[in-house]
Amino acid sequence: MDTAIQPVIEVQGLDLGYDGIPVLHDLNFSVNKGDIFIVMGVSGSGKSTLLKSMIGLKEPTKGKILFNGKSFWDEETQGQQNMMRGFGVLYQEGALWSSMTVGENVALPLELYTKLSKQQIQEIVALKLSLVGLEGHEDLFPSGISGGMCKRVSLARAIALDPGIIFFDEPSAGLDPINARKLDDLILELRDGLGATIVVVTHELASIFAIGNNSVFLDEVSKTMIATGDPKALLADSKDPRVIQFLTRGKSNEEQKSK
Amino acid sequence: MSGGLLGTSEVTSQLQSHPDIVQINFSAAPELKWDSGLVSFLLKLIRECGEKNLQVDRQGLPQEAQKLLALALKVHEKNVPIEKMHQSFLEKTGEKALRIDESIRSVLDFLGDIAGSFGRLMRGKVFFRWDDFMLLVKRCGVDTLLLVSLISLLVGMILAFVGSIQLKTFGAQIFVADMVAIAMVRVLSAVMTGIIVSGRIGASFAAELGMMQANEEIDALKTLGVSPVGFLVIPRVMALVMMMPLLTIYADLMAILGGFLISVGMLHLNPVEYLNHTQHAVKLNSVWIGLIHSFVFAVIIAVAGCLRGIQCERNAAGVGKATTSAVVTAITGIVIATAIITFICQVLGV
């Protein structure tokens, strides 16, 4: 007998917009525990807007986003903040607090939400930094490290509180292929190590196929989702030319089939 | 292109005078040197011919020019409507008028947030980093001291010079001391300090928070469940509110010193008499009024700087605009607040 698995994230009938101008409408999808869920689409299709809504920065005009069955936007501020503590977010440019050192950046979530002593916090910070390969960099300021390192510190900060869901906004943007690949590997390792559910907004095909096992495809013209599922399965089975063009860097269905 | 672009008018007039022409052919010498100017001319010509239903055979053109023309004439899959960039004066004025209530509401919301966060801080429910706060105190105080010293000293000197011109005619030059002391202590020191601080500290608050907004650092705080007002704005407001009265008292002393130097050194007044007059002129009321000014200005500067920073658009131009706007808002606020406080003092007779 099948036991119904409760999805970690459920998006139901979601509409999003800015100043009354619709950006996306009628989004429905769910993300299961342990998924690496890719939000993909061409530039301007609303991927980042959807992410902002999922991480609590942009209220939807309609619909619900449920985390473990609880509707985020129907909660009071305190309830929302409690739910946000279960998220880790890696921003596109890292978004490290520039006035704090690397160590202080990773320590802040721990100082805020745990009762650990300074010594214990330092130990956790050292652990999280070593998980992203940056042990011993605690005393550097964000301005003194490279873009790739900033992203890794940001990842260490995102996983500081052992979140159940980690969101990545364009993790490979601005990284060379080798570092982008390393970050992909790190995402897989963290999913396995932390048992976290991961949502990645990206249009990097290499990353999509390397790490994604579920996805949603947003279309900028119809302003809604036009496909959902495993990206590899979408590439093999999708009949939609927009999806195939995207997943094959602009080739049409016929070109793809003749290959 | 260096010799200017070719016009299509001559060709068009030739075409009009020969209505029997149905097709245009091109012939280019192999050694022809051409650049984008030629392509631009051809593009315009081809479009005009298209409107008149004339055939254009591009075969005779250089291969590369044909490719560029094909690219320029390619119909793109979608035409994204280009946002109207230039608005007329009336449109801009109308839009700004419509947004007045929105901006008033945002200021009130922000003040409400600050009051709420301050209340939570008092109850110990806001995460407060003392190290950051002490750095801000240093920035608002020590780092501004040199500029405040110079400006206040000079304003004191200028006031003594200007005052002596009129007072000399009555043989009452010694009252320069009273004038400098009263004017500076009651209002001018606070105003001058306010203007310096809004340029130096208010602008830096706006730029700093604006950059944080552009770099998603503020979003990172929000997703951590931390209120940016409590974490970033409250320490800045508190640091400035703490340091502005001290800076104003320091500016009072520097201005009196400036007046003293001019009166004794150039107007040949008796130094002891000058100091006696100053001592009698400065009443405790005046000091309090000066301090009230400085407190109000500190709130205005810090709130304007932080508000503009938090409202900043997420790009470099936005940071520039936020900084300018913070200084303009603060200085306008200072002048309006000075007028209101002076009026109230007048009504109360203090």
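## Two helices in chain A

A helix axis here is a line fitted to C-alpha atoms over the stretch in contact, and angles between axes run from 0 to 180 degrees between N-to-C directions. With that in hand, take a look at chain A of this predicted model. Helix α3 (residues 102–113) of chain A and helix α5 (residues 147–158) of chain A have axes that come within 8 Å and cross at roughly 25°. Angles under 35 degrees count as roughly parallel, so α3(A) is roughly parallel to α5(A). The crossing of α3(A) past α5(A) is right-handed.

Which residues make the contact between α3(A) and α5(A)? On the α3(A) side they are A:V102, A:N105, A:V106 and A:P109. From α5(A) come A:V153, A:A156 and A:R157. Sorted by class, this contact has five nonpolar residues, one polar and one charged.

## Where the chains touch

Now for the contact between chains A and B. Chain A puts in 17 residues, and chain B puts in 13. On chain B's side, helix α9 (residues 217–223) of chain B gives the most, with five residues.

What classes of residue does chain B bring to the side that touches chain A? There are six charged, four nonpolar and three polar residues on that side.

## How confident is the predictor?

For the model, the scores are ipTM 0.84 and pTM 0.80. Chain B has an average pLDDT of 89, and 95% of its residues score at least 70. One thing to keep in mind while browsing: where pLDDT is low, the predicted coordinates should not be read in detail.

Technical notes. Residues numbered from 1 in each chain as written. Chains lettered and ligands numbered in written order. Predicted model: local features only at pLDDT ≥ 70, side-chain atom pairs only at ≥ 80, totals over all residues. Helix = DSSP H or I, 4+ residues; strand = E, 2+ residues; numbered from the N terminus. Parallel < 35°, antiparallel > 145°, perpendicular 65-115°, else oblique. Left-handed = near helix turned anticlockwise from the far one by under 90°. Contact = placed C-beta atoms within 7 Å. Nonpolar A, V, L, I, M, F, W, Y, C, P; charged D, E, K, R; others polar. pLDDT = per-residue confidence, 0-100.
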